[in-house]
Amino acid sequence: MRISSNMSYDSFAFNIEKLQESRYKNLLRQSTGKDMINIADKPGSLMDVKKIVTAQEQRSNYINLNNLAASEMRAAEDQAEAVITAMQKIRDLSITSTNMIYDGSGVQSIGNYIKGIVTDILRNVNADFNGKYLFSGTKTNANSIEADNPGMNEMPFELIKNEASADNPSGFQVVFKGNMEQRKINKDTHSTEIINLTADELFGENGTKTFEAIIDIYNILLFGPDNTERENLESLSREEKIKIAELQQKVAHDLEEITKNNAKLASRRERLETVTEQMTEEVVRLKEVQSLREDADVVKVLSDLKKEETVLQYVLQSAPRLTRLTLFDFLS
Amino acid sequence: MATFSSLEVGRRALLAHNFGLDVTSNNIANTNTEGYSRRQAIFSEAAPYLTQGYYIGTGVDGQSLRSFREEYLDREVRKINGKETSYENDIEIFNAIETILREPTDNNLGEVVNNLLNIFEELALQPESIGLREVLLHKAQTLVERFNSASNDLEALRVQAYEDIKQDVTKANKLIEEIAGYNKVLGLTKDRNGQDSLTYVDKREVAIEELAKLGNVTVTYDDNRTANVFMNGINLVNQEEAHYLKEFENVDGNTGESSLNIMLYDKNKELYIDIDPKAGTFYSNLKHYNVTLDRRDSSLGFSILKELDSYVSAFAEKINGFLVGAYGLNDYGTTAAPGRILFTSDSGEILASNIKVSSSVSDPADIPLSATAGTPGNSDIARSISRISQDGTFLAGQTPSEFYSNFIGKVANLANDAVNGEKAIKLVSQQLNSQRNSIMSVNEDEEAINLIKYQKNFEAASRIITMSNEILSTLVNLGR
């Protein structure tokens, strides 16, 4: 084959360009750790990686949100647990009040104690988590709590005092200003979970039914059959004791309901945590697949790079010979 | 007679080898000249004369030049040139598209959409959070800016393709004129053997090859070696006559779709003939201007801007569809939903180029995320919007992420075709050029040998003159 001068230079330039390009890409792979430098490198893998990254990010997002939701549910469970303890105490006090040993003032003291516990319960159920009320349905902030009259506060539950009546000589009433709507979140890509306990799940109809029984107990303990305040020596009559026993049973029934509903909330939280754990494992697996599709094989990149650099070195070393060796160099 | 004959033979030999030296020097001087084909001095023996019953030669005569141009290789190189420049231009454009779409990085457009949907997911847990609502507005603004910017940059790339076509048309017309000019010059500059000036043949071939980088060029040669040049069958140069090109933009009155064509323009006949260049930068730029980067493209080809517009339009429509019937944090006591939306545009359909965040939600509390009024903790709308990420009917029977992945996959496949095509063509081009250079280009060793050869022959010829001179002197002195 006849070798012209330009042929040598052109081939040299072509090969050097190819080597430099390949070396540059491997240097980028080494510095970024990614196998794909340009979209044209591996279109199939690029599409896979996009889908994997999206799935992974969605799961990571669900994990964070589920953890937050679980914290909120745990807070609700704790408050509900405190309510259960308080209601148990009310029940115990109601039973105690029917003992023969208490005179009128003793019964009144128990009644006032029960009222104090009611206040504690209201403090529990008015609790907020991260700025939102836990038991007011979807009316989760103060602005959304609509008070019936200006004297009311912007809390979901409030103990108010109405005019005394034959049915309610103390005039006390617990009002609920939230709603009974469930709050849901997407716990994963295809299912939802309820994350709150509604007021009616806690306290029965209208979210206040249980309090009616408690206030009835309070009224019996504080007021005599004629609806006047109980005298110091006026202990409970037989009818009043029967009434208290009935009311106490109602409270006990509601207590069971709260316990049952709180257990439901706990089981929902556990489901949420199980799903979250599964997703954490999925994220690890997805990251593995992503890495296989996207990341550079460091050993291969380094050995390729070494090979290319060695070849490049020899090619560059051959350049002076390429430019020197012609017959003209030997003509004098 | 014999003595004077030697002088004449010597003179002819001197001229011949001087001619050889000239040809060799020219070869050496043009070693790096583009398109130069090496020349070879061809000598022939001069006509003999009859003396003493024998025909005796009268030296060297009839010098001519031989060029080493192979028509087959020229044709193949032209073909390859067109494909190579087409792929190279494709790669340049796809590199720009890759940068505009910020691929393959984690900061791509699909990611911006996912980020926004993820914020809706967070708001499903905390719909009353003003802080998260602020983040939502920020992410929405980022999305809008990214799509606006991508759309504007892709439009600018389309304008660049148009400018390149215009420049290439100007370049093509200059080359067409040049080729016609060389045809004319070649008709006037025949050597004493009736041969063309090889210099102009080479220059014409360089011009034809340059033209072949713009489109698919074929050449036919007349009996008098005039080159007639065609682009995809349309005659651009007919002997000494040049036909010029013109870019022609056609805008559809109904759809607003603008398409660009390269036309052959006949001034005299006021005639336009459409040329489909089939290769070269014309082909590549027209393809991108008329399809890849045309948002109104009505062909069945893959248009990046059109796909982006559909993506943005579907996304905005889905989100707005949920929001329009929903309530914000301060919407108490209202029965009818305030009808606020997140995305809007200044004109008509919401597209990548004009999408913007609606002023109706500039106060984060006003972002309607609740299905019922006065219930800030109701996250039904936020939850439904975040579920768009799983909506298999989002666009073309795919979820947003599937649509975007497939969209990028299509862009990547086109870029991959261009890169692989260029790699393969470059290798063939390198082989063809090597093959052609092996025949056509100058070899310095060969020329060095020729230099020595002609120098020595010149010296020998000068010896003939010296010897003849001495013989003549001897003869003159005989008569004294």
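Predicted model: local features only at pLDDT ≥ 70, side-chain atom pairs only at ≥ 80, totals over all residues.

Leaving out residues up to four places away in sequence, Ile179(B) touches Arg204(B), Ala207(B) and Ile208(B), along with Ala227(B), Val229(B) and Val237(B).

Now widen the view to the core. Ile179(B) is listed with Ile214(A) and Val312(B) as having the most contacts inside the largest nonpolar core, a set of 151 residues. Colour helix H4 of chain B, residues 130-188, next: this helix gives the most to that core, with 19 residues. For a second, separate core, pick Ala13(B), Leu14(B), Ala16(B) and Val60(B), which are among its 6 residues.

Stay on chain B and colour by domain. The assignment puts 2-68 and 445-478 in domain 1, and 74-304 and 399-432 in domain 2. Taken over C-alpha atoms, the centres of these two domains of chain B are 55 Å apart. Where they meet, domain 1 supplies 8 residues and domain 2 supplies 9. Select strand E4 of chain B (residues 60-67) to see the largest share of the domain 1 side, 3 residues. That domain 1 side divides into 2 nonpolar, 4 polar and 2 charged residues.

Last stop: show both chains. Here 46 residues of chain A are in contact with 50 of chain B. On the chain A side, highlight helix H1 (5-32), helix H2 (43-97) and strand E5 (184-186), the elements that each give two or more residues. H2(A) brings the largest share, 12 residues. Colour this side of chain A by class and you'll get 17 nonpolar, 19 polar and 10 charged residues.

Terms used: Residues numbered from 1 in each chain as written. Chains lettered and ligands numbered in written order. Contact = placed C-beta atoms within 7 Å. Helix = DSSP H or I, 4+ residues; strand = E, 2+ residues; numbered from the N terminus. Nonpolar A, V, L, I, M, F, W, Y, C, P; charged D, E, K, R; others polar. Core = buried A, V, L, I, M, F, W, Y, C linked by C-beta atoms within 7 Å. Buried ≥ 20, exposed ≤ 12 C-beta atoms within 10 Å, placed from the backbone. Domains from an automatic or database assignment.
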